[in-house]
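Hello,

Here is the model for your files. My notes follow below it.

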Amino acid sequence: MGSGQCGETDRDMKQTIIIGGGLTGLTAAYYLQRSTGGKLGVTLIESAPRLGGKITTVREGGFVVEGGPDSFLARKAGAVELCRMLGLEDQLQPVREGKYPTFVWSERKLHPLPMGVRPMLKSRLISWPGKLRMGAEMLIPPAGIEGDESVGSFMRRRFGSELLEKLAGPLLGGIYSADPEKLSLESTFPFLQALEKKYGSVLRGWMKRPSGGDKGSRSMFLTLRGGLLQLSEALEKAIGQNSILRGTRVAAVLPKRGRYEVVLESGMSLEADDVVFATPAHVTAELMQYIDTALAERLRAIRYVSTATVSLGFREEDLPAALHGFGFVVPRLENRRISACTWSSTKFEGRAPEGHVLLRVFVGGDGAEALAEKTDDALVALARQEVDASTGIGAEPVLARVYRWQKGNPQYDVGHRARVKEMELMASAHRGIYLAGAAYHGAGVPDCIENAQAVVKQLAEKYGMYQEPVAGKAVPAAAY
């Protein structure tokens, strides 16, 4: 078996191998190069021929189609800071300005999402008994629950079943493609738990929150004008091809005389002082098997579910009415075959050519995985039927694209934070082993970026090398 060797002048340079070329792995490689001033050898290994993981954008005929995430939360600084470092600041794009509501599909109608007391009182989405139950939240004492609780349990306890089923479930659970009855409140929406504990009521605490004094029209979500693929492309360019092995699958990671041997399926092996696992938890589990079987078992216990997105492009002239909104979510009790639909070309300018619109339909998730595993043709037919039922668009689409994510969405089940803390403690017992990615501290774009930054800082500080990373070209470093 061959072994990768560094150049003659770099024999004493510490080597880090990052396994997984999704957003977390790319960010880790980028920041590691810059925060160590090129004093650490960095090699990124990705099994697929392309980098970026779920970040995938197709630009075709004037359409900008996202297969994975289409935006990120602006209030989480990690993504914006990374875009600025990569020279993408002028490409940052907010959601379209104006009054564009989000809808809830209930009883075969699209109801505007009620935002605020007056819209809620006027809304026909929630019954009057349901509204009264929501208002009674301020009278309900805290349950005094120590530790974690499901989102479903919390929302039902504080606001009643109707709000959970028609609003909180599809909105909060939909973000994670999860069942709210299993979804960890502590790991996903801890601020709700904190409001109850501090003020005795979520509503009371919400009203006492500082406004921040920002009177501007700052967007809650941001994207990149050419699609989020711009981010992974910029990271790849900045890292440099000499530090990347793509289309290369890792077979195992073995301990070797205080270091690690990264065995590739090709038969070649590389040696490293540190290994960052930026792969899905179940993939990391297989690679960790020869280092720590107990940790591998805990990693396998993190559930993943399958999802799919179907993007449909239509001529505006074929629409029965203008899509004046950002899309809609679908409560589970409606028994439909989709969980949500984003009106992409309304949400962001430039997503469809003149005279056209672009929609994106979400299928699958916890409890509905079988739908996401249908053939592409079946998924397009399903999406068209559901779009027709909700919006009346029965026309033939001019564009249809399917993206399927087989076991691609980690589930943050109740107790997730404690389990992750235990896994990270177990990993820390092995010098030079690091866990990173969407399975642990958040699955959104900024979460993955900030997780990568935290791991990089921990690794670089171990060698006394860490310095605040700066933009610019990568400092040449030894790669295998």
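E422 is partly exposed, at 35% relative accessible area (partly exposed lies between buried, under 20%, and exposed, over 50%; 1.4 Å probe, protein chains only). This is a predicted model: local features need pLDDT of at least 70, side-chain atom pairs pLDDT 80 or more, while totals for chains, interfaces and linings use all residues. Numbering runs from 1 along each chain as its sequence is written, and side-chain values use heavy atoms, without hydrogens and water.

E422 pairs with R298 in a salt bridge, 3.0 Å from N to O (a side-chain nitrogen of Lys or Arg within 4 Å of a carboxyl oxygen of Asp or Glu). The pair links distant parts of the chain: R298 is in helix α12 and E422 in helix α16 (residues 416–428), 124 residues apart (helices are DSSP runs of H or I, at least four residues, numbered from the N terminus). R298 is partly exposed too, at 34%.

R300 has two such partners. E286 comes to 2.9 Å between closest N and O atoms. That bridge joins helix α11 (residues 281–288) to helix α12 (residues 293–300). E297 comes to 2.5 Å. R300 and E297 both sit in α12, three residues apart, about one turn of the helix. R300 is partly exposed, with a relative accessible area of 29%. E286 is at 45% and E297 at 48%.

The count by this rule is 33 salt bridges. Elsewhere, bridges with shared partners join K14, K256, R259, E271 and D273 into one network.

Best wishes

Terms used
Helix = DSSP H or I, 4+ residues; strand = E, 2+ residues; numbered from the N terminus.
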